[in-house]
Amino acid sequence: MTIVELRQYTLHPGARGTLTELFEREFVTGQEAVGITVGGRFQDLDDPDRFVWLRSFPDMAERARALHAFYYGPVWQAHRAAANATMLDSDDVLLLRGPGFTTPDGAGPVVATICHPLDAAAFADHFEQHLRPELTAAGTPPLAVHRTEHAENTFPALPVRAGEDVLVWFTVGETAPLPDLSAYLKSAPEQLRLASVPRRS
């Protein structure tokens with residue numbers, strides 16, 4: 001298990017293409033060069049002004065080192081003005097523990113399901129005993145399950161959402177309808193329907 005950031009950016013209208021082109025051209029290799037594992041990059045199918053992506057680190061200390069190296073390094077410094085000009089909000093970030101996620105080659109749409117449990121342990125047990133088998137039997141097995149990482153943010157220049165417990169998983173294809181989970185969750189599950197950003201060759 002690694003430390004994973006699930007990042008959701010709200011962009012200025014019409015700016016997503018500009019950001020994704022810049023991201024794929026500069027920021028994937030720029031982050032990988034300092035030891036960051038860049039995972040899936042997605043367009044939100046229900047919001048043309050939202051960009052969703054993941055990155056991961058071996059641990060929180062390495063996260064601090066790698067983020068400092070990237071954000072104070074030459075790639076971000078050269079392109080940050082252009083990137084920031086596309087964004088209205090970049091602070092919607094969940095800090096998680098899990099395997100990370102990249103869409104398998106040739107796969108279709110992705111659904112990210114985000115649940116806020118009333119009791120994290122009870123919901124994790126229900127998920128493993130009941131929900132995972134039900135979704136698997138329906139043909140959309142949960143992939144890359146993540147849980148909240150409660151460690152202190154080691155790079156406070158970039159905020160993360162604090163004081164939340166979540167369980168997040170990914171499915172490929174149109175996911176099966178979820179059963180009633182109101183006995184376990186604070187609110188209805190959030191499901192992000194996503195399309196992978198084409199990778200640069």
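This is a predicted model: local features need pLDDT of at least 70, side-chain atom pairs count only at pLDDT 80 or more; totals for chains, interfaces and linings use all residues.
1. Is Arg 16 buried or exposed? Arg 16 is buried, and it has no salt bridge. The nearest side chain of opposite charge belongs to Asp 44, 5.9 Å away. A salt bridge needs a side-chain nitrogen of Lys or Arg within 4 Å of a carboxyl oxygen of Asp or Glu.

2. Where does Arg 16 sit in the fold? Arg 16 is in helix α1, which covers residues 16-32. Leaving aside residues up to four places away in sequence, Arg 16 touches Leu 11, Gln 43, Asp 44, Asp 47, Pro 48, Asp 49, Arg 50 and Phe 51.

3. Now the whole chain. The protein chain has four helices and eight strands. Read from the N terminus, the order is β-α-β-β-α-α-β-β-α-β-β-β. The radius of gyration is 17 Å, close to the 17 Å that the globule rule gives for 201 residues, so the chain is as compact as a globular protein of that length. Along the principal axes, the C-alpha atoms fill a box of roughly 50 × 35 × 30 Å.

4. Packing and surface come last. Of the 201 residues, 48% are buried. Take contacts between residues at least 6 apart in sequence: 81% of these join residues at least 24 apart. The chain exposes about 9,400 Å², and carbon and sulfur atoms supply 54% of that area.

Definitions and conventions. Residues are numbered from 1 along each chain as its sequence is written. Side-chain values use heavy atoms; hydrogens and water are left out. Helices (H or I, at least four residues) and strands (E, at least two) are DSSP runs, numbered from the N terminus. Buried means under 20% relative accessible area, exposed over 50%, partly exposed in between (1.4 Å probe, protein chains only). Lys and Arg count as positive and Asp and Glu as negative; His and the chain ends are not counted. Contact means heavy atoms within 4.5 Å. The radius of gyration is taken over C-alpha atoms; the globule rule is 2.2 Å times the number of residues to the power 0.38. Accessible areas come from the Shrake-Rupley method with a 1.4 Å probe; for residues, only the protein chains shown count as cover.
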